[in-house]
Structures are given as structure tokens and as C-alpha cells.
Amino acid sequence: MDDAVAVVLFVVVTAYAVFGGADFGAGFWDLVAGGTERGARPRALIDHSIGPVWEANHVWLVFALVVLWTGFPEAFASITLTLFVPLTLVALGIVLRGSSFAFRKSLFRTSERRVFGAVFALSSVIVPYCMGAVAGAIASGRVPAGGRAGDPWSSWVNPTSIVGGLLAVASVAFLAAVYLVWDARRLEDGLMVEYFRRRAIAAAVVAGVVAFVGIFVLRADSRYVFDGFTSRALPLVVLSAVCGVGSLVLLARRANRGARVAAIGAVAAVIWGWGVAQWPYILPTSLKVSAAAAPSASLTMLVAVFGVAAVIILPSLARLYVLDQRDLLPEEGT
Amino acid sequence: MSLLAAGGGILAVDPVPWARAQMAFTLACHIILVPLGVSWASMALIANWRAIRRDDADALLLAQRWSKYMAVTFAVGAVTGTVLTFEFGLLWPKFMGQWGAAFGIPFSIEGLFFFTEAIFIALYIFGWKRLRPWPHFWTGVPIVLAGIGGTLSVVAANAWMNEPQGFTLNSNGDIVDVDPLKVIFNEAWPYEASHMLVAAYLAGGFMIASVYAVGMLRGRTDRYHRLGFLIPFTVAAVATPLQMAVGDTLARWTFNNEPTKFAAIELVPETSSDVPETLLGRLNSDGDVEGGIAIPGLASWLSDPGDGTATVVQGLDATPADERPTLREVNTVHLAWDVMVGLGTLLFLLSAWYWLVWIFRRDMPRSRLFLRFASVAGVAAVLAIEAGWTVTEVGRQPWIVHGHMKVEDAATTNGGVWVTFIVVALLYLALATTLVLVLRSMSRRFRAQAETADSDVPYGPRELPPSAKEREPVGG
């Protein structure tokens, strides 16, 4: 049952990365879109594409935390004790991002919108960076078992965490750019299709370079996970690379739907690769998944809740996506 | 790095009081949004129902505008709620490490309701122009149900902290087995959960009604404002008498099951019968009741009317000093109790006024005095909720898991919590100011009849970017 809960945890994290990650990435492109006038057009598209399901995306994160603390309480205590600083930054960034999202849409004066827009964009970069750094801290074995605190700084300011943070920012920027190409295409905005296509390629190249350098960093800094990545997780690494390159090729060929699927595949494969690489540890190499697991009744409960979520929530979520893509009722079409 | 470490040394302060302060502050802020998140959808649906059934344009306008305000408050509430989720780990890692397997169970279920709420609130706002009236109405119903379910699950977690059960410990004190149903349906749950649920409807109703009461005092007495007042005020006026009964049941349950908390509530230093009900007043350092108005025998009588004033109430002295609230905490609990019951009684009288006038005149009270009271009822209801949470939380001290783990043993060891507390406090202050300004500017825009488009609110449908709009005529 502990394996099942670990799988649930990774499914939730992956969902957060591919749905929520794109929102963070959109914030990144908002940040680098340039001055008010020059950036107006891409920003308008970004505003449009940060969809209605934004808060629903957010729930994935809450769900991941709940699964972690209910299923693996000891690991949760170690992680939150050690990584107090980056996790606090994540929480603060989410407050800033969420509230500027809530308010920007309700404000009309450009100057107000600009302030909230800047806050939104900046926190959109800080949050994924810190999350990547947290992943790096865990993967490199800097979070000790036993609900104890590791070093409050070097645990997340270290080579593996920096690679993790940069990779996270580059990945969400890549995902977002690919989604934005798709949206621009839907709106038949050729200029923006080209604009974000170029940026998707740039982000993919950066992500590729970071990942390549990361291999050497892991070899020096996180031996267990490096060994995992180069052995049992190797197929997933290859899959991620193939998907990444494939999505670029598809983008170049203007096959945007395929590019989108491939981009999701590339990011998801990296996350699953991380999980497989550090298996059977939840905190390499001090705490195994099986040893960290809560009593079986708690685990069963989590799996059951996830099952119910899959039956009830996924169809509603799908309905929302469909409604989002659908046009107004005939009489409302103005 | 050594510089940072040195900095950490200077900046390090005992984290426990700061962790408590930060948790209390963020919870106190979040709980203001809770009644709106839980009950507003039901009021919007009442307006929506009326709009469809009676073809009522005013009601329709209300429902549409409410759904937009709701979206803003829900988005902010979701954010402050997410912060609380992080804080469980960041501030209380040892609590979560030891008890997460049990305490987390109600939260996993709450996650389901949160998800449902987030999805359907978006569907509801989207649906105004994309769905036919009745199917659209039904997309609002899950929001109401999820609000109720979410309240019941979150309060289950809190009730479990008061009445921890449904787990087996080994000799080290680690949880080795969990009974999820007993954790959720713990003994305090039915009383606490119903009290909070009714409170959410009561406070939500008064909060919304008070806005329209202010509008009516300023001379906006059209049908639209009247309806905007009547729907939420009626909900609140139904909830208030109900809350008197639910609250009374909870108090008696506390008397029987959480005697230490009850002793703090009633300011009872020593076990005795014929205990007076002390209004205000405090315990001094000698452990004697000082000041206040004592009503002889009433606390005993209320605790068990069957035995009347002969009812023996357990005093604080029955619990070892290190296992009960400190003197200051006892006084806080007692004052908070008086505030909650006092405000609750005033709100009850206001509801009675409303119902009596309604029965005899078939209309709401017309006097300006009534509207003045109604316009502060929202703030009073929020204060009552804050006071109620103070009673249950401070009354449990020094425990985080009653009888098993103390707050000081649960807290993080990070000395920098005071920094995060100050940052969070400033951030929330800015957030609260902006929220009020945004809601007011929405209201001004509504009044100026420049109708806000669905796309101007969070969760609203997508607005076509200007680039796409520009091209439309060409395409046509």
C-alpha cells in the first residue's frame, strides 16, 4: 500500500507540474515581455490563457502536501523542518501570485494593473525555482530522516538544488510557451504563434542544457540519484529527451497539438525519472518509502480518496475545460 | 555561507511564541473569509432560483453580482487556506511528524471538497452565458454541498485535537494503527462541526446583509437593495436561534467532556457546587475571581438544569498546573466566551425584532435604528466567530493534541519564525486592504451600471485578447 501512496503522490505532483506549472511559466513570460507597450500583446494572450481552472490547479499542491503528511509523516516533518526557508518563500510567493491574480482581473487602471502584474510575474519565477530547489535538496540526500532538521541553508543552496531550481523554471517556461502557441493558434493570432514558438524553442534549449550540465552535477553531488538516473530510470530520461526534441520538431512543423502532448510528456518523464531514480527511498539514502509510511489504514484512506477524486473530480474538471473551449450560447454571442 | 549561519545565530529567537502568533494571526484572517466561502453560494442560489421561477430581474442581477464577489473572496480564501496548509508543516513539523497519519485523514477528504468547490465555482461563473438557466443553476449546488462538506472535514481535524481518538500507540508513543472513521467522527465532532457550520451561515448572512443595510441607510431603498438585504438577513435570522440551541448543547457537552476548558470558560478556580455565572471579571494571581458581575448559582444551573444549582463544576485546580491553561490564558478564554455569548445574544435579539415585525406587519422593520444595528451585525458576527475560536483553541492549552502532545513540543526549531511572522503580517495587511478596495470598486462599477463582464473576475471565462478582437471585422 505504501507503494500505491507513493504513486498517488507522484501522480499529484505531476498533475501540479503540468497544469499549475504552465501557469507559473505564463507568469515568467509575462515578466520578460518587456515594457508596457511592447509587452501588451503577449500579456493579453497570457491573461487569456491563464484559465478558469487556475485555482483548481492550485488544489493539486494542497493535495500533495496532505498526501505527504498523512502518508509519510516522518518525511514531511524532516522536509518542513529542514527546508523552512524555501518552503516559506513558496507559500509567500503563492499568496502574492494568487492575490494579484485575484485582483488584477478586477482592476481597470493600467498603473494598478502594472503593479499587480509585476508582483504576479516575479512570484511566478520564485515559486517554481524554490520548488525545484526543494526537490534537489531531497534528491541529494540533504534532508535527514527521523523528523530532524538538516542545514537550513546548504540544504537548498547547493549544486543539485540550483540545477533543480533552474530546471523547474525552464520547464514551466517551456510548457507555458507551448500552451501559449496552442492558444494563439486557436485565436488565429499568427504573430503570437511565432512569438511564443521562438520562446518555446529557447526554453527547451535552456532546459536541455541545464539537464545536460545537471547530469555531471548529480554525478558529483548526488551519487545515489545519479546512479538511479543512469540505470533503472534511464528509460524515462531517454523518453523525456525524445519528447522534448519531438515537441520542438512538431513545433517547427506547426503540429501544435502533438507538440503540446510531447511537452507534457517531457516534463512528466523527468518527474517520474526522479521518483524512480531515488526509489526505494523517500529521503535518499536515509529513509525508505516503506519505513516512512503511515499505518496501513491511513494509506488505504488516501488511496480511496484518490479513487473518489478520479471518479468525481476528473469528469467535472473535464467538463470545465470543455466549457472553457466552448463558445457562448447563440443568443449571447455578441 | 558562514556569514549566513552567523546571521542565523543572531536572528534566532525562541520560535514557539512566534509560531503560535503566526498560526493564530493567519487563522484569524482566514476565518473571516470562511463564512463567505461556505454560505454565500447558497444565498446566490436563492436569488438565482427566484430569478428563474418568478422571472425576477432584480434577483437575477443580485445572483450574477454575488457570484462575482464570491469569486474574488474565494480566490483570496483559497490562498490564505493554502498558507495554512504550509504552516502545518513549517510551524508544527513535530506535530505533523507524529500525528500526521491520523490528523491528516480529515484533510484528505477536505481536499476533495476543496477541489469540487474550485471547479464548480468556475463552472457557475462560466455558465451565466454558456448554459441554459436551470442546468446553470444546478452547477451552483455542488458549491453549497462542498462548502458544507469542507467545513465538516476541517472541523473534524480540529475536534480531533480536542478529543484525540482512533489510533493505537506503541511504547515509544508512535502511531502504529489508525481507525479513520473514529478519527473523523470523533466525539467532539458533531458538536463542534454543527456549531461552526451554523456560524458560517449566521455570519455570512449578517456580513452580506450589513452591506445592503448601509446602502439602505444611505437612501438606496429600491427593490434591488431590499432583496439584497432580505435574502441574507433571513438566512442569518434563521441561523441565529438555531445557533443558540447548538451552542448550548456544545457548552453542556464541554462541561461533561472537557472540564478544564469549561472551568476556564466559567472562571471556576476550585471545584464546587452553586457556581456563579461571572460576567466579565478575571482571575487574579492568587487564583481568586476579581471584578465582574456574579449571578449566583447560574453556571451550575446552566451546566445541568436537572440538578440545578447543586451541580458540581470541576475547577481548574483539579488539573495539574502544567496541564491546564495559564492564568492569562484562562482570562483570555473567559473574556472571549463573554464576547461570543454577548454578541450572539444581541444578534439573537436583532433576529427576534426582525421576525416579530415580520409576523405582525408582514414586512421588514422600517426604522433606521434597525438598519443601524443590522449594518454592524456583520462585524459583530465575525467578532463572535473569532471569539469562539479563541475559546476552543486557547482553552485547550497547553496541548496541541489534548493529553498527548504539548504545543511547545510540536513547534519548529527554526529561530527565524519571527521574521516570517512579520512578513506574513505585512503581506496580509496589504492583502486585506486591497481586497476591501477591490470589492468596493466592483460595487461602484456595478452601481455606475457599467456592468462588469464575466471575464473581469477570477475564474471568469476568457476575454478575447485585443489582437483577436481587432481581426474580427476582417474575418467577418
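**View 1. The buried residues of helix 2 in chain A.** In this predicted model, helix 2 of chain A covers residues 40-49, and its buried residues are Pro42(A), Arg43(A), Leu45(A), Ile46(A), His48(A) and Ser49(A). What do these buried residues pack against? They sit against helix 1 (2-31), helix 7 and helix 8, again in chain A.

**View 2. Helix 1 meets helix 2 in chain A.** Here the two axes come within 10 Å and cross at roughly 165°. Angles over 145 degrees count as roughly antiparallel, so helix 1 of chain A and helix 2 of chain A get that label. Their crossing is left-handed. From helix 1 of chain A come Ala26(A), Trp29(A) and Asp30(A), and they meet Pro42(A), Arg43(A), Ile46(A) and Ser49(A) of helix 2 of chain A. Sorted by class, this contact between helix 1 and helix 2 of chain A has 4 nonpolar, 1 polar and 2 charged residues. Three of the helix 2 names here, Pro42(A), Arg43(A) and Ile46(A), can also be found among the buried residues in View 1.

**View 3. Helix 7 alongside helix 8 in chain A.** Next up are helix 7 (residues 159-186) and helix 8 (residues 190-221) of chain A, which pack at an angle of about 160° with their axes 8 Å apart. That angle is why helix 7 of chain A and helix 8 of chain A are described as roughly antiparallel to each other. The crossing of this pair, helix 7 and helix 8 of chain A, is left-handed. As for who takes part, the contact of helix 7 with helix 8 in chain A has 25 nonpolar, 3 polar and 4 charged residues.

View 4. Now look at Ala176(A): leaving out neighbours within four places in sequence, its contacts are Ala22(A), Gly25(A), Ala26(A), Phe28(A) and Trp29(A). Two of those partners, Ala26(A) and Trp29(A), already turned up in View 2, on the helix 1 side of chain A.

**View 5. Ser155(A), a loop residue of chain A.** Ser155(A) belongs to the loop between helix 6 (110-139) and helix 7 of chain A. Is Ser155(A) buried or exposed? The cut-off for buried is 20 or more other C-beta atoms within 10 Å, and Ser155(A) has 27, so it is buried. Not counting residues up to four places away in sequence, Ser155(A) touches Thr82(A), Leu83(A), Ala137(A), Arg142(A), Val143(A) and Gly150(A). Val134(A) is 21 residues from Ser155(A) in sequence, with 8.4 Å between their C-alpha atoms.

**View 6. Leu302(A) in helix 13 of chain A.** Leu302(A) has its place in helix 13, residues 296-325 of chain A. With 27 other C-beta atoms within 10 Å, Leu302(A) is buried. How far apart in space are Leu302(A) and Gly71(A)? C-alpha to C-alpha, the gap is 7.5 Å, although 231 residues separate the two in sequence. Setting aside neighbours within four places in sequence, Leu302(A) is in contact with Val5(A), Val8(A), Val67(A), Thr70(A), Gly71(A) and, from chain B, Ser108(B).

View 7. Most peptide bonds are trans. The bond from Trp279(A) to Pro280(A) is cis, its omega near 0°. Pro280(A) lies in the loop between helix 11 (256-278) and strand 1 (281-283) of chain A. In chain B, the bond from Gln397(B) to Pro398(B) is cis as well, again with omega near 0°. Pro398(B) is in the loop between helix 12 (368-394) and strand 7 (399-401) of chain B.

View 8. Most residues other than glycine have a negative phi. Leu280(B) is not a glycine, yet its phi is positive, about 55°. Look for Leu280(B) in the loop between strand 3 (277-279) and strand 4 (282-283) of chain B. Leu280(B) is partly exposed, with 13 other C-beta atoms within 10 Å. Arg362(B), also not a glycine, has a positive phi of about 55°. Its loop runs between helix 11 (327-361) and helix 12 of chain B. Arg362(B) counts as exposed, because 7 other C-beta atoms lie within 10 Å.

How values were computed
Residues are numbered from 1 along each chain as its sequence is written. Chains are lettered from A and ligands numbered from 1 in the order in which they are written. This is a predicted model: local features need pLDDT of at least 70, side-chain atom pairs count only at pLDDT 80 or more; totals for chains, interfaces and linings use all residues. Axes are lines fitted to C-alpha atoms, for helices over the stretch in contact, and angles run from 0 to 180 degrees between N-to-C directions. Helices (H or I, at least four residues) and strands (E, at least two) are DSSP runs, numbered from the N terminus. Angles under 35 degrees count as roughly parallel, over 145 as roughly antiparallel, 65 to 115 as roughly perpendicular and the rest as oblique. A crossing is left-handed if the near helix is turned anticlockwise from the far one by less than a right angle, and right-handed if clockwise. Ala, Val, Leu, Ile, Met, Phe, Trp, Tyr, Cys and Pro count as nonpolar, Asp, Glu, Lys and Arg as charged, and the others, Gly among them, as polar. Two residues are in contact if their C-beta atoms, placed from the backbone, lie within 7 Å. A residue is buried if 20 or more other C-beta atoms lie within 10 Å of its own, exposed if 12 or fewer, and partly exposed in between; C-beta atoms are placed from the backbone.
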